[in-house]
Amino acid sequence: MSTPSVVPATAPGTVRAPGWWRRNRWALAALPVALALTFVASGDRVRTLWWEQDLRRPTVVEPGATVAFQQDVRDGLGGTVPLAVEVGLDGVADAAALPDGMELPTGTRAVRVDLTLSADPDVVLVGCFLAVRDADGTRYDYVASAWGAWQPVSPCVPQDATGPWPSLGDLDDGVSPGDAGQAPRPATWSVSPVVVVPQDVEVTDVVLWWQLPQHVRLEVGR
């Protein structure tokens, strides 16, 4: 009696998992588009920040004229408060007398900027910035404490009658306002901040601002 032959079972074919490149081919194909969109979005943010952090939106005032400047200024509570002020430039000249303690570096001089401003006594104006510029647009900022002198922190308001200060949010209850004990700010007043510039600089305009990019540009008469 013959013994039937045993036919070995055929081993199933080996099934290989698809390679990494194949599994991720669609994601890889979309990657350049995603990167491009990311760069565009980042570029927009950079352009926005760059634009908002410089003097881009001027309100120009011709020599001898005044201007009514308005702006909604961000406050410490996440909102905005209206700012309304009239500004005029009375003149720019070498300072006849330096602020107490000021010692000018060699090769520099001090210029006095005479401004007249008008605003409602309840308008918050503390926190302004001031600078002078030459014909090339080079800016020389007002610095309250430098070269040994102490000038008012805000160059656009009277030191002894600043008017209301901006809100500090939750800190308001624990901090005395900067105008505590002061007389109300007058409806119209004059200030004369001093700015240090290189000896050979000719000042062509004065810039005053609270929050960039808006600002007042006051042209200096020839």
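Figure 1. Read along the sequence, the pattern is α-α-β-β-β-β-β-β-β-β-β-β-β-β. That comes to two helices and 12 strands. Both kinds of element are DSSP runs numbered from the N terminus: helices are H or I with at least four residues, strands are E with at least two. The model is predicted, so local features need pLDDT of at least 70 and side-chain atom pairs count only at pLDDT 80 or more, while totals for chains, interfaces and linings use all residues. Residues are numbered from 1 along each chain as its sequence is written, and side-chain values use heavy atoms, with hydrogens and water left out. Of the 222 residues of the chain, 33% count as buried. Buried means under 20% relative accessible area, exposed over 50%, and partly exposed in between (1.4 Å probe, protein chains only). Among contacts between residues at least 6 apart in sequence, 69% join residues at least 24 apart. A contact means heavy atoms within 4.5 Å.

**Figure 2. The stacked pair of Phe69 and Trp210.** Rings of Phe, Tyr and Trp (its six-membered ring) pair if their centres lie within 6.5 Å; planes under 30 degrees apart count as stacked, over 60 as edge-to-face and the rest as tilted. By this rule there are two aromatic pairs. Phe69 and Trp210 stack at 5.9 Å centre to centre, with 20° between the planes. Phe69 sits in strand S2 (residues 66-74) and Trp210 in the loop between strand S11 (205-209) and strand S12 (214-219), so the pair ties together parts that are 141 residues apart in sequence. Phe69 is buried at 1% relative accessibility. Trp210 is buried at 7%.

**Figure 3. The stacked pair of Phe129 and Trp209.** The ring centres of Phe129 and Trp209 are 5.7 Å apart and the planes meet at 20°, so this pair is stacked. Phe129 belongs to strand S5 (residues 129-133) and Trp209 to strand S11; the two are 80 residues apart, and the pair links distant parts of the chain. Phe129 is partly exposed, at 42% relative accessibility. Trp209 is buried, at 7%.

**Figure 4. The disulfide of Cys128 and Cys156.** The structure holds one disulfide, defined as a pair of cysteine sulfur atoms within 2.5 Å. Here the S to S distance is 2.1 Å. The link is left-handed, with -110° about the S-S bond. Cys128 lies in the loop between strand S4 (108-118) and S5, and Cys156 in the loop between strand S8 (149-150) and strand S9 (188-191), 28 residues apart. Both cysteines are buried.

**Figure 5. The surroundings of Trp189.** Trp189 is found in strand S9. At 5% relative accessibility, Trp189 is buried. Leaving out residues up to four places away in sequence, Trp189 touches Leu115, Thr116, Leu117, Ser118, Ala119, Leu125, Cys156, Val157 and Pro158. Leu117 is 72 residues from Trp189 in sequence, yet 5.6 Å away in space, C-alpha to C-alpha.

**Figure 6. The lining of the largest pocket.** On a 1 Å grid over the protein atoms alone, a pocket is an open set of points where a 1.4 Å probe fits, with protein on both sides within 12 Å along at least five of seven lines; lining residues have an atom within 4 Å of a point. The largest pocket has 15 lining residues, and Val73, Arg74, Val126, Pro166 and Gln211 lie nearest its centre. S2 and strand S3 (80-94) are the elements that give two or more residues to this lining. S3 gives the largest share, three residues.
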